[in-house]
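Trainee: I am new to this structure and would like a close look at one part of it. Could you pick a loop and walk me through it and its surroundings?

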Amino acid sequence: MKMNLATLKDTAAWAKVGVKLPAYDVEKVVAETKKAPIWVHFGGGNIFRIFLGTAQQKLLDEGLCDKGIVVAETFDYEVIDKAYDPFDNLTLAVTLNPDGTVSREIIGCL
């Protein structure tokens, strides 16, 4: 299964593999963010994507915000070229929970 904006529309397929999807319209958030960005973050590595990306995702899921995070990479352009662009800026967050279960969530706010 490929992770991109087009495949997000197949909610049943994602549910079947146990992946939680954003509760907001990702394309609308992207458009709003491009119009009037509120947060630019320098450095788009794994820690940023999961910790800060998940925090912003929660705000968006709860309707407390309507914009995502603009990511700027100053050290290694390949982070954007290889980890963001091929997946329409989506990230798969995989968390090992204290009870040993694994949760999976697509972060769509970056």
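**A loop and its surroundings**

Mentor: Let's begin with Asp 88, which lies in the loop between helix H4 and strand S4 (91–96). Please keep in mind that you are looking at a predicted model. Asn 89 also belongs to the loop between H4 and S4.

Now look at the backbone here. Most residues other than glycine have a negative phi. Asp 88 has a positive phi near 50°, and Asp 88 is not a glycine. Asn 89 has a positive phi as well, of about 65°, again without being a glycine.

How open are these two residues? Asp 88 has a relative accessible area of 34%, so Asp 88 counts as partly exposed. Asn 89 has 30% and is therefore partly exposed too.

Asn 4 lies in the segment before helix H1 (11–16), and beyond its neighbours within four places in sequence, Asn 4 is in contact with Phe 87, Asp 88 and Leu 90. Asn 4 counts as buried because its relative accessibility is 18%, under the 20% cut-off for that word. The side chain of Asn 4 also has a polar atom 3.0 Å from the backbone nitrogen of Ala 6.

H2 gives the most, with six residues. By kind, the lining holds 11 nonpolar, four polar and three charged residues. The space in this pocket comes to about 360 Å³.

Arg 49 is part of helix H3 (residues 46–61). Setting aside residues up to four places away in sequence, Arg 49 touches Leu 110, Ile 107, Thr 91, Tyr 84, Ala 83, Thr 54 and Gly 44. Is Arg 49 buried or exposed? Arg 49 is buried, because its relative accessible area is 12%.

Glu 73 sits in the loop between S3 and H4, and, apart from its neighbours within four places in sequence, Glu 73 is in contact with Gly 43, Gly 44, Val 79 and Ile 80. Phe 42 is 31 residues from Glu 73 in sequence, yet the two are 5.6 Å apart in space, C-alpha to C-alpha. With a relative accessible area of 22%, Glu 73 is partly exposed.

One last stop is the cysteines. A disulfide is a covalent bond between the sulfur atoms of two cysteines. How many disulfides are counted in this model? The count is zero. For Cys 65, the nearest cysteine sulfur is that of Cys 109, 8.9 Å away, and Cys 65 is in no disulfide. Cys 109 is likewise in no disulfide, the sulfur of Cys 65 being the nearest to its own. Cys 109 counts as buried because its relative accessibility is 2%.

Terms used:
Residues numbered from 1 in each chain as written. Predicted model: local features only at pLDDT ≥ 70, side-chain atom pairs only at ≥ 80, totals over all residues. Heavy atoms only, no water. 1 Å grid on protein atoms, 1.4 Å probe; cavity = no way out; pocket = protein on both sides within 12 Å on 5 of 7 lines; lining within 4 Å. Points joined across faces, edges and corners; volume = space filled by probe spheres on them. Helix = DSSP H or I, 4+ residues; strand = E, 2+ residues; numbered from the N terminus. Nonpolar A, V, L, I, M, F, W, Y, C, P; charged D, E, K, R; others polar. Buried < 20%, exposed > 50% of the residue type's maximum accessible area, 1.4 Å probe, protein only. Polar contact = N/O pair within 3.5 Å; in protein donor to acceptor, adjacent residues only side chain to side chain. Contact = heavy atoms within 4.5 Å. Disulfide = S-S within 2.5 Å.
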